[in-house]
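Please go through this structure with a focus on its folds, cores and backbone geometry. A short report follows.

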Amino acid sequence: MKRRKFLKNSGLGAAGLMSVPLVKGCANESESKKEQKDSPPVRPIVIATWDVPNATAKAWEVLEKGGSALDAVEQGVRMEEADISNQSVGKGGRPDREGNVTLDACIMDQLGNCGSVVYLQNIAHPVSVARKVMEETPHVMLAGKGAEKFAVDNGFNRENLLTEKSRKEWEDWKKTSKYQPVINIENHDTIGMLAIDAQGNLSGACTTSGMAYKMAGRVGDSPIIGAGLFVDNEIGGATATGMGEEVVRTVGSFLIVELMRQGKSPQEACEEGVRRIIEKNKGKLDFQIGFIAVNKNGETGGYCIQPGFTYRTYSSEGHQNTPSASHIPS
Ligand code: SD4
């Protein structure tokens, strides 16, 4: 679909979507028309943590073809899961301290449905397994061996996710075994993605191999609904990257969506989310957290503790990588 046609459809999608409840709820037709005029038009957009142009381009391609936000975020983050040069996500991810690559991911749609996998091994696309959990099971989260079995039963192939590069780095790390989470790993880290489609619906996904050389069994924020990701179709969505333990402690993404519900802009909400983490840590800030958010109007924001975090957006206005404002100045 050509961009212009897509935009036209976006507008039509918005009008179509909004006319039903407005006509129902209004006393007369002119009131309904006024409310429709006052409602902001749908603004399809994709936003992702870090500079991941292939991922956002893929998600936008899905939206441009009239696809759903849910398909867009799944297809988008799969690009990073498949990219072995990204050692924080999917195949090629850095292992835990025992040499096992263990993946975490979640996905959430416009109806509040969600699915998640934690400590998943040998399966390259955890986000798609998370979607299957959401769509095919009565549960929200599957872990470890059970998640792997579920994936295989549903047609996913088992494969070795530890690349030679990640294995060598792990062998080197074992010489000192010093656990020191790295801030802003090569500007390429956990990927969280949010999208709004032409119908005005919001979805999000988050996927990671977690902190490199973590303890065996450790799970971070990324697959935890409310912590690493949260979407409320009436309000907006948020997602996180960085030290997962700190995001879990503040239920960061849920907090940011609730702050937007109270009237904060996505930028203000991300800043407040980071401020809460800073407050809890009383000045000890030797770690990174980055939040991004989008509201129902397609406005975006991002904020982090340490300089160096960026996020990428793709909309009808074009695509760009934006350096996030940070608590600690650059
Ligand atoms: C985690 N938030 O597992 C993820 C990983 C990450 O920098 O973003 N690492 O805690």
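## Overall make-up

The protein chain holds 10 helices and 13 strands. This is a predicted model. Of its 330 residues, 55% count as buried. Take the contacts in the chain with a separation of 6 or more: residues 24 or more positions apart account for 65% of them.

## Nonpolar cores

The largest nonpolar core has 77 residues. Met193 and Phe291 have the most contacts inside it. There is also a second, separate core of five residues. Among its members are Leu103, Ala124, Leu161 and Leu162.

How many of the 11 residues of α5 are buried? Eight are, so α5 is largely enclosed by the rest of the structure. The buried set is Pro126, Val127, Ser128, Val129, Ala130, Arg131, Val133 and Met134. The cover over these residues includes the helices α4 and α6. It also includes the strands β2 (103–108), β3, β4 (141–143) and β6 (202–208).

Two packed helices are described by the angle and the distance between their axes. For α5 and α6 (residues 144–153), the axes come within 10 Å and cross at roughly 85 degrees. On the α5 side, the contact is made by Val129, Lys132 and Val133. On the α6 side, Ala147, Phe150 and Ala151 take part. By class, the contact has five nonpolar residues, no polar ones and one charged residue.

## Arg78 on helix α4

Arg78 lies in α4 (residues 69–82). Is Arg78 buried or partly exposed? Its relative accessibility is 25%, so Arg78 counts as partly exposed; the cut-off for buried is under 20%. Leaving aside neighbours within four places in sequence, Arg78 is in contact with His125, Val127 and Ser128. Val127 and Ser128 are among the buried residues of α5.

Arg78 and Val89 are 11 residues apart along the chain. Their C-alpha atoms are separated by 9.4 Å.

## Helix α3

The buried residues in α3 include Ala55, Thr56, Ala59 and Trp60. Val62, Leu63 and Glu64 are buried in α3 as well. Just after the helix, Gly66 takes a positive phi of about 90 degrees.

Most residues other than glycine have a negative phi. Trp50 has a positive value, near 70 degrees. Trp50 sits in the loop between β1 (45–49) and α3 (53–64). With a relative accessible area of 1%, Trp50 is buried.

Asn122 also has a positive phi, about 70 degrees, although it is not a glycine. Its loop runs between β3 (114–120) and α5 (126–136). Here the relative accessible area is 26%, so Asn122 is partly exposed.

## Strand β11

Thr313 is found in β11 (residues 310–315). At 11% relative accessibility, Thr313 counts as buried. Beyond its neighbours within four places in sequence, Thr313 is in contact with Val46, Ile47, Thr300, Gly318, His319 and Gln320.

Ser315 is also placed in β11. Its relative accessibility is 5%, so Ser315 counts as buried. With neighbours within four places left aside, Ser315 is in contact with Arg43, Pro44, Ile45 and Trp60. Trp60 is one of the buried residues of α3.

## Thr241 on strand β8

Thr241 is found in β8 (residues 236–242). At 1% relative accessibility, Thr241 counts as buried. Which residues does Thr241 touch, not counting those up to four places away in sequence? The list is Thr49, Trp50, Asp189, Thr190, Gln288, Ile289, Gly290 and Phe309. Trp50, with its positive phi, is therefore a contact partner of buried Thr241.

Thr241 and Cys206 are 35 residues apart along the chain. Their C-alpha atoms are separated by 9.0 Å.

Key
Residues numbered from 1 in each chain as written. Predicted model: local features only at pLDDT ≥ 70, side-chain atom pairs only at ≥ 80, totals over all residues. Heavy atoms only, no water. Helix = DSSP H or I, 4+ residues; strand = E, 2+ residues; numbered from the N terminus. Buried < 20%, exposed > 50% of the residue type's maximum accessible area, 1.4 Å probe, protein only. Core = buried A, V, L, I, M, F, W, Y, C linked by side-chain atoms within 4.5 Å. Axes fitted to C-alpha atoms, helices over the stretch in contact; angles between N-to-C directions. Contact = heavy atoms within 4.5 Å. Nonpolar A, V, L, I, M, F, W, Y, C, P; charged D, E, K, R; others polar.
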